[in-house]
Amino acid sequence: MSFTAKVKDEICSIDEMSACCYNAMTYGLLLCGRSFNSVSMMLVTEHEGAAKLYAEAVEKITGNVPLIKCSQAGKYSVSVSKKADRLKVLEHYGVSEKTVSVRINRSNLADECCYAAFLRGAFLACATMTQPKKSYQLDFLLPYLHLSDDMLKLMQELEVFAKMVRRKNSYVVYLKSSEAIEDLLMILGAQNSALEIMQIKIEKDVRNKINRKVNFETANIDRSVDAAMGQIEAIRKLKLSGKFDGMSADLQELAQLREQNPESSLKELGAMLSVSLSRSGVYHRLNKIISLAQSEE
């Protein structure tokens with residue numbers, strides 16, 4: 001199941017709703033469908049619950065039940081086929097038959113609680129989301145410019161700041177911030193979905209920190225191995241040149257320990273010496289051995 005479907009399922013499961021909020025939600029659902037005018041009134045969706053809610057709203061207004069069709073691809077379509085019924089729906093929401101510009105009629109949003117209800121309906125009608133495990137994006141795909149502008153303003157009043165872009169013959173009001181998406185889902189009443197995104201973010205953050213630590217440690221190991229190999233090569237050069245025996249006893253002891261323990265850290269080598277030495281002390285002695293070997297080249 002897609003994350004979009006999860007959110008729509010959660011919205012459709014909201015039972016307690018005042019009459020004004022139910023009206024605002026169904027208004028958002030019908031207004032933000034594929035078309036909303038006296039010539040065509042239709043919703044196309046992949047979510048069965050949204051299709052049923054659309055048909056229920058039309059039935060309550062007109063007394064007629066619109067037919068829900070499902071394609072082989074799994075898309076549901078609901079249309080108000082009779083013009084008389086379309087006119088009843090328009091009248092119910094205070095929209096004139098002659099209205100050219102489709103906009104949000106604020107008279108259908110009786111109170112601030114209705115803003116969230118309207119957006120629930122709009123989400124059911126035209127919203128899609130990416131899977132949060134991949135990326136964060138929520139889109140409202142709308143067919144009308146002025147409706148998109150009104151949607152932006154409505155969301156701003158709820159302190160959710162979206163952006164808009166044109167895509168072919170449609171307009172997309174979108175959010176890309178995970179925090180903004182979480183806020184909107186909470187406003188819509190989809191708290192479980194919002195919490196799921198928060199949990200996914202925490203898991204991503206933990207994984208990223210672990211990966212950074214592993215990468216850092218791997219890089220350190222690689223550097224340590226390279227350094228040890230360079231030190232062992234220098235010791236072997238000194239032995240081949242006959243200069244090894246001429247080194248001081250402390251350098252010889254450390255050189256032999258390094259050859260015998262190529263994977264040991266500087267701290268570990270220091271602890272193995274007959275007189276223990278700090279990490280920096282071991283480092284300086286090994287550098288001296290490398291310098292002696294280089295002077296032989």
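## A walk through the strands and helices

Let's start inside a strand: Asp-139 sits in strand 6 (residues 138–142). Helices here are DSSP runs of H or I with at least four residues, strands are runs of E with at least two, and both are numbered from the N terminus. Keep in mind that this is a predicted model, where local features need pLDDT of at least 70 and side-chain atom pairs count only at pLDDT 80 or more, while totals for chains, interfaces and linings use all residues. Residues are numbered from 1 along each chain as its sequence is written, and side-chain values use heavy atoms, with hydrogens and water left out.

Back to Asp-139, which is buried, with a relative accessible area of 10%. (Buried means under 20% relative accessible area, exposed over 50%, and partly exposed in between, using a 1.4 Å probe and protein chains only.) Its side chain makes a polar contact with the side chain of Gln-137 at 3.0 Å. A polar contact is a pair of N or O atoms within 3.5 Å; within protein, one must be able to donate a hydrogen and the other to accept it, and residues adjacent in sequence count only if both atoms are side-chain atoms. Not counting residues up to four places away in sequence, Asp-139 touches several others, including Cys-126, Arg-167 and Tyr-174; contact means heavy atoms within 4.5 Å.

Two strands pair if DSSP finds at least two bridges between them. Met-164 has Val-173 in strand 8 as its bridge partner.

Elsewhere, strand 4 pairs with strand 2 and with strand 3. Thr-45 stands opposite Tyr-76 in strand 4, and Ile-68 stands opposite Val-78 in that strand. Strand 3 and strand 4 form a hairpin with five residues between them, and Gly-74 in the turn has a positive phi of about 90 degrees.

| Strand pair | Bridges |
|---|---|
| Strand 2 (residues 41–45) and strand 4 (residues 76–79) | four bridges |
| Strand 3 (residues 68–70) and strand 4 | three bridges |
| Strand 7 and strand 8 (residues 170–175) | five bridges |

Now for the helices. The axes of helix 5 (residues 113–126) and helix 7 (residues 178–188) come within 8 Å and cross at roughly 105 degrees. Axes are lines fitted to C-alpha atoms, for helices over the stretch in contact, and angles run from 0 to 180 degrees between N-to-C directions. That makes the two helices roughly perpendicular to each other, the word for 65 to 115 degrees; under 35 counts as roughly parallel, over 145 as roughly antiparallel and the rest as oblique. Ala-116, Leu-119, Arg-120 and Phe-123 of helix 5 meet Leu-184, Ile-187 and Leu-188 of helix 7.

Ala-116 counts as buried at 12% relative accessibility. Its C-alpha atom is separated by 8.6 Å from that of Ala-24, 92 residues apart along the chain.
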